Number of protein chains: 2
Amino acid sequence: MASTGLKSQALQTNMGVDYVISYRFATTDKAVAAAEFEQLVQALASVGLATEVRNGDKHSVLLFVKVASEDYLFGEVYRSRVRDWIYGVRAAAPPKETREALQSEPLYEAERLRILYQLITNPVSEGGAGITPKEGEWKNVESVFALHDHAYNKDWIKKWSTSYFLKAEDLDDIRNRLGEKIAFYFAFTQSYFTFLIFPAVFGFSCWLLLGYFSPVYAVINALWCTVFTEYWKHQEVDLGVRWGVRGVSRIDTKRKDFQHEKEITDPVTGEKVQIFPATKRLQRQLLQIPFALGAACVLGSLIATCFGIEIFISEVYDGPFKSVLVFLPTGILTTVMPVLSSIFTNFAAELTKFENYETHGAYETALTQKVFVLNFITSYLPIFLTAFVYVPFGSIIVPYLDIFSLTVKPFAENEKQMQAPQTGFSINPARLRKQVIYFTVTAQIVNLGMEVIVPYLKRRGFSKYKQFQSDRAAKRGGTAPDASANDPPEEASFLARVRDEAELDVYDVTTDLREMVLQFGYLSLFSVVWPLTAVSFLINDWVELRADAIKICIEMQRPTPWRADTIGPWLDSLSFLTWLGSITAAALVYLFSNDGLGPDGNPSTIKGWALLLTIFLSEHVFLLLRWSVRIAISKLDSPGRQKERRERFLVRKQYFEENLSDLRKIPKMTEAGGKIDRASLEEDARKATLTTSTVEDRFWAHQKGWKETVQVGKGIIERVAVENGTDGKKYL
Amino acid sequence: MASTGLKSQALQTNMGVDYVISYRFATTDKAVAAAEFEQLVQALASVGLATEVRNGDKHSVLLFVKVASEDYLFGEVYRSRVRDWIYGVRAAAPPKETREALQSEPLYEAERLRILYQLITNPVSEGGAGITPKEGEWKNVESVFALHDHAYNKDWIKKWSTSYFLKAEDLDDIRNRLGEKIAFYFAFTQSYFTFLIFPAVFGFSCWLLLGYFSPVYAVINALWCTVFTEYWKHQEVDLGVRWGVRGVSRIDTKRKDFQHEKEITDPVTGEKVQIFPATKRLQRQLLQIPFALGAACVLGSLIATCFGIEIFISEVYDGPFKSVLVFLPTGILTTVMPVLSSIFTNFAAELTKFENYETHGAYETALTQKVFVLNFITSYLPIFLTAFVYVPFGSIIVPYLDIFSLTVKPFAENEKQMQAPQTGFSINPARLRKQVIYFTVTAQIVNLGMEVIVPYLKRRGFSKYKQFQSDRAAKRGGTAPDASANDPPEEASFLARVRDEAELDVYDVTTDLREMVLQFGYLSLFSVVWPLTAVSFLINDWVELRADAIKICIEMQRPTPWRADTIGPWLDSLSFLTWLGSITAAALVYLFSNDGLGPDGNPSTIKGWALLLTIFLSEHVFLLLRWSVRIAISKLDSPGRQKERRERFLVRKQYFEENLSDLRKIPKMTEAGGKIDRASLEEDARKATLTTSTVEDRFWAHQKGWKETVQVGKGIIERVAVENGTDGKKYL
């Protein structure tokens with residue numbers, strides 16, 4: 001009982017710790033490790049952080065860090081807010097009094113943690129401690145992480161798992177705890193989930209009433225995809241304003257790894273800047289083309305081969321073990337593909353590093369684009385092959401699949417079993433649908449399971465490996481000490497918890513975002529094949545949102561809160577997939593308009609010009625629709641936009657008022673108006689005529705004051721009228 | 001000799017006049033006219049303008065206006081500049097001292113005239129005199145115009161007609177005299193002219209070496225069009241910064257004619273605002289669709305009919321008067337088309353008014369879009385008909401052209417002359433080229449002539465009409481007075497000049513811009529038919545730029561200078577034409593790839609799928625190219641961008657410095673760093689342990705100061721290493 005009590009107490013208090021630094025010295029000389037540790041603590045102390053050290057797991061120490069004085073922290077917060085204002089993230093400067101500024105806009109947890117993290121990791125020249133985990137002189141600093149707030153986590157998971165929809169306040173909560181970047185992921189997924197309800201209902205009705213490959217479904221689906229993408233862009237702005245981060249992506253943070261080629265004096269600021277020539281970077285960027293082609297070839301031929309084998313076995317081969325052999329290609333794919341994928345992903349990362357971007361933003365965008373290309377190939381190519389190669393050209397290609405007879409030769413009883421029928425081969429129209437169902441249901445469920453199970457196994461494995469490493473160390477010199485042996489009893493359970501959390505993985509939000517974007521792709525590109533796609537996704541995403549929350553709370557270290565005002569380059573991927581959807585959906589509808597057998601019931605009667613015309617029209621109608629949707633959505637108002645306008649208005653008003661005092665001193669033209677008919681002006685004019693007497697002066701001296709002008713003018717009007725001997729009116 | 005002397009003096013002085021107001025009362029009751037005139041002069045005087053009145057031509061008076069006191073004007077200028085700063089057009093506020101502000105950035109002529117024009121025409125509530133020429137109570141105010149600076153004009157024309165290229169300073173000159181809006185037109189045309197050199201040279205080479213319909217030419221031409229369009233967008237920003245007008249299009253000016261439906265309290269500013277519901281406007285905007293369809297039908301059928309008649313006469317008819325009759329359709333087109341065009345243009349203006357836009361900008365954009373649709377039909381439809389109807393379907397359609405025999409019946413000698421050959425009819429492949437040459441050479445020359453001659457004739461006709469009107473008045477009551485009868489001799493020639501200028505037309509820069517954009521359309525859409533197109537345009541535009549200058553100087557009143565930071569909605573037209581060009585050029589190349597006779601030498605063998613595939617590929621390659629060009633151009637730096645960055649940097653620096661004094665007072669975390677190992681902190685910790693003694697406090701009280709943390713940490717490292725009995729290094 002006492003132990004449970006302590007445990008739950010351990011979950012409830014974080015001992016006022018802001019960050020934990022795990023310092024691992026297993027593979028370093030003890031003197032070096034000790035010297036480095038001293039440097040570390042000194043660096044932290046020099047930026048005003050109080051430290052405590054405790055024994056860590058197997059050859060590591062845990063360094064606990066907290067702010068020595070809250071007053072000093074407030075100064076950092078205030079400075080960060082002023083910087084935001086100067087970079088245009090805030091409309092108005094924070095109030096000049098620090099206390100006042102913090103009262104009018106209290107510090108939230110994520111802001112506090114972000115500022116502290118920057119204090120720890122920023123270079124010394126920018127006022128930080130310059131500690132860069134796992135890099136350079138700090139390679140023994142294994143991780144810098146904040147502690148989970150277990151009470152909040154418990155509430156969070158409980159609340160989410162008992163509600164259907166997340167409210168804006170739920171997202172605000174995430175933002176306050178985990179920062180805007182992660183909150184943007186949850187907001188996106190929630191928005192996507194809400195939007196999915198329509199295609200789920202509509203898709204279900206279509207499935208009941210219109211069957212597969214309905215043009216009506218295709219059009220409505222494309223429209224929905226467009227509305228969703230554009231509406232999300234609209235919402236991003238709104239959330240950015242709501243969370244006060246609109247424009248943060250404009251504040252570039254420099255990459256540490258950036259290699260400059262030369263230093264020039266900036267013509268604008270007069271400061272020395274390190275640059276890397278754009279042309280040289282362009283040359284390096286051009287390597288993306290062979291990279292993309294190479295990846296497409298390698299991954300494509302793997303997929304095409306497996307696809308060919310599968311078709312050969314399932315539709316040509318007629319010998320023993322057919323039911324087992326049919327899983328051969330899937331086996332090849334599931335073993336080889338992840339290996340190839342990770343090789344290419346690493347290669348993409350290397351390539352992006354080689355492209356040598358100056359800022360983190362540019363680096364991430366470039367990497368995301370490459371990763372998207374890789375994922376596009378692995379996720380969608382199999383379906384593309386079925387739809388646009390197997391179906392229209394199946395009867396031409398299948399006879400050539402004999403080459404794959406190699407794979408079944410050991411099992412076949414005679415040659416005939418492995419020979420494609422030279423005539424009368426008919427494609428299997430259900431294949432495409434089965435494949436889409438596999439990717440949109442089975443694969444999603446497997447994925448979801450993997451997300452929770454793989455990190456668990458990884459954690460187990462890693463812990464085993466560490467055990468092994470320490471054991472080996474112990475074997476050479478007696479038993480390894482138990483880390484918790486010297487723990488003060490009242491801290492024991494807390495320290496045990498921290499040691500556990502130190503072992504956890506680091507959460508990467510882009511992986512989850514990528515998953516959602518790829519899922520959206522199936523909907524936009526292929527859901528016309530199987531209109532129930534959205535129903536499956538709706539169920540999956542409800543679970544996904546909760547599973548991600550659990551994953552962050554249990555499987556991962558508490559993520560460092562970062563700011564963001566967009567989901568970034570994935571937005572372009574969404575737009576691209578929507579566009580491509582208008583082409584594939586049209587092609588699929590035409591190709592399969594008669595339940596998979598072409599417009600005349602036979603795939604061979606597909607007309608090239610009709611297919612291309614369908615695609616051409618569909619794409620242009622789509623572009624027109626997107627343009628209208630964009631205009632319509634741009635007209636929508638929203639609380640965030642109103643808030644932004646209000647802030648801008650208030651700032652402008654303040655400017656006006658500040659300048660009004662100056663403006664009042666400056667004479668207005670209307671004030672001059674009153675004086676014009678007064679004697680002063682007449683005197684001026686007369687004097688001018690008398691003294692200088694140029695043509696110009698005399699020209700303006702004819703009439704003195706506006707009243708005389710009126711008199712003379714009236715005279716002219718009168719005279720003309722009199723000379724005509726009649727009123728002008730009669731000329732009408 | 002004396003007369004000539006006076007004349008040239010009249011051209012040299014403007015008598016210090018800022019604006020001339022022509023007040024015409026021919027059709028108004030004399031008492032009303034006199035009262036209204038008094039109001040007019042009083043309104044002008046009330047905003048600080050000095051006035052002089054002189055006799056005008058036939059039932060009009062000329063009211064000369066100048067600023068009564070330059071000091072008061074400076075106040076207006078300063079106020080206008082502060083407003084610009086607040087709306088973000090300027091990076092920094094002007095210096096607080098008016099004199100200083102005007103010395104650091106002198107007032108230029110166009111700025112002065114713009115501010116004065118606004119002073120005269122702005123509503124009284126906004127500090128203006130509220131005089132709206134030709135509208136409402138001021139319908140007798142015929143025009144408000146500034147006087148030409150003849151000396152400058154002479155220099156301008158002389159300089160331009162003797163130089164091949166215009167320099168940036170020449171454009172600055174125009175901006176200083178005529179305002180940014182007109183300067184943007186000249187800058188655009190000049191930039192277009194410079195860019196034309198490449199396709200002119202390249203087109204000429206292609207014409208020599210590759211002949212017509214060369215795919216190489218088509219690709220390079222599409223690329224050129226894209227580069228030009230994107231580069232111009234880039235240049236617009238640069239010019240906007242150079243002229244200090246970047247962002248002025250964001251400052252909305254309200255339309256006087258805007259009809260509000262209800263008044264609401266703005267949720268942002270708390271002010272009452274007049275609104276017109278967007279949904280209602282959308283309903284009205286939907287009328288554009290029937291309008292566009294109607295215009296396309298009416299203009300299209302007129303063009304198609306004339307086209308049919310022409311083909312019938314030139315290729316079927318074989319009777320007498322053929323050589324004369326062949327001009328019949330051209331005759332019909334040239335008489336009916338302008339009438340229909342102007343009816344539709346008026347209708348478009350009415351429709352745009354009905355759409356009830358709040359701001360001038362929105363109104364102009366909407367009108368320009370409609371005008372572009374009309375011009376698109378009248379300019380390009382004839383060529384579209386030839387290329388995509390006559391050539392591919394000619395042999396099918398021509399037999400049905402018998403219906404047009406009606407037009408030649410009176411002249412034909414027998415039926416046979418009017419009968420289409422039922423077989424063996426072959427299209428005339430030279431027709432398309434002839435048509436393109438007509439539109440790109442003949443029509444351009446005719447147009448250029450018209451621009452100079454039509455206003456001249458109009459001016460003559462209008463002057464005749466006024467003479468007639470006054471004569472009629474005179475007949476009823478004696479002779480009309482000669483306007484110049486009472487002129488003081490020294491002013492006589494000046495007044496005669498002003499009376500002439502009062503009769504001139506008002507210059508509308510959008511007409512000239514439209515002409516350039518439509519010309520660009522021929523290049524992008526059809527130049528593959530005749531690669532010499534650009535050569536013709538190059539010559540034409542050199543003359544055009546000079547002719548426009550002459551037109552503004554001689555044929556038109558001096559234009560009121562307006563500001564602009566873009567050529568506005570025409571930019572979208574350019575992008576659209578470039579895009580469409582990628583489709584038409586591909587189609588033309590495919591259709592006419594064998595010198596007008598289809599890929600196999602016969603138009604009937606055109607393959608639908610091949611045509612569509614060509615278009616599809618061409619369009620997507622184009623979209624990819626455009627994307628790359630955009631990215632590449634966005635990386636370009638320019639003096640304007642540097643200037644903008646420098647200004648922003650200086651403002652930011654100033655902000656930083658202003659806030660630095662506050663920031664200095666706020667403690668930094670690093671300052672706290674020094675204190676952490678001092679006694680104070682240790683005392684704090686000890687005290688805390690003694691008094692409150694929570695788990696948290698005790699947790700942080702183990703080590704006092706960072707030095708103790710280091711000691712304890714080193715101890716742990718030492719202990720682990722000692723327990724292992726070996727150095728960690730060996731584990732590597």
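Predicted model: local features only at pLDDT ≥ 70, side-chain atom pairs only at ≥ 80, totals over all residues.
The secondary structure of chain A comprises 26 helices and six strands. Of the 732 residues in this chain, 36% are classed as buried. For chain A, an unreviewed UniProt entry places the feature "transmembrane region" at residues 182-210, 216-232, 289-313, 325-349, 380-401, 436-457, 520-539 and 576-597. Two of these annotated spans were examined in the model. Residues 289-313 of chain A are 100% helix and 0% strand, and the C-alpha atoms at the ends of this span are 35 Å apart. For residues 520-539 of chain A, the corresponding values are 70% helix and 0% strand, with the end C-alpha atoms 14 Å apart.

In chain A, an open sheet is formed by four strands in the order S2-S3-S1-S4, with antiparallel pairing. From one strand to the next, the twist averages 20°. Strand S1 (residues 19-24) of chain A runs antiparallel to S4(A) and is joined to it by four bridges. Within this pairing, A:Ser22 has A:Ser143 of S4(A) as its bridge partner. Helix H2 (residues 30-46) of chain A packs on the sheet and touches S1, S2, strand S3 (60-67) and S4 of chain A. The direction of this helix makes about 150° with that of S2(A).

Chain B also contains an open sheet of four strands, in the order S2-S3-S1-S4 and with antiparallel pairing. Here strand S2 (49-55) and strand S4 (141-145) of chain B stand at the edges, and because each has a single partner strand, one side of each is left without a neighbour in the sheet. The strand-to-strand twist averages 20°. Strand S3 (residues 60-67) of chain B is linked to S2(B) by seven bridges, and the two run antiparallel. Among the paired residues, B:Arg54 has B:Leu62 of S3(B) as its bridge partner, and B:Leu49 is bridged to B:Val67. Helix H2 (residues 30-46) of chain B packs on the sheet, where it touches strand S1 (19-24), S2, S3 and S4 of chain B; its direction makes about 150° with that of S2(B).

S2(B) and S3(B) form a hairpin with four residues between them. In the turn, B:His59 has a positive phi of about 60°. S3(B) is also joined to S1(B), by six bridges in an antiparallel arrangement, with B:Tyr19 opposite B:Val65 of S3(B). S3(B) is mostly covered, seven of its eight residues being buried.

Helix H9 (residues 215-242) and helix H20 (residues 570-591) of chain B pack at an angle of about 175°, and their axes are 10 Å apart. H9(B) is therefore roughly antiparallel to H20(B). Residues contributed by H9(B) include B:Pro215, B:Ala218, B:Cys225 and B:Lys233, while those of H20(B) include B:Leu571, B:Leu574, B:Gly581 and B:Val589. By class, the contact between H9(B) and H20(B) has nine nonpolar, seven polar and one charged residues.

Conventions
Residues numbered from 1 in each chain as written. Chains lettered and ligands numbered in written order. Pairing = 2+ DSSP bridges. Axes fitted to C-alpha atoms, helices over the stretch in contact; angles between N-to-C directions. Contact = placed C-beta atoms within 7 Å. Parallel < 35°, antiparallel > 145°, perpendicular 65-115°, else oblique. Nonpolar A, V, L, I, M, F, W, Y, C, P; charged D, E, K, R; others polar. UniProt positions renumbered as here; feature names shortened; annotations may be inferred. Buried ≥ 20, exposed ≤ 12 C-beta atoms within 10 Å, placed from the backbone.
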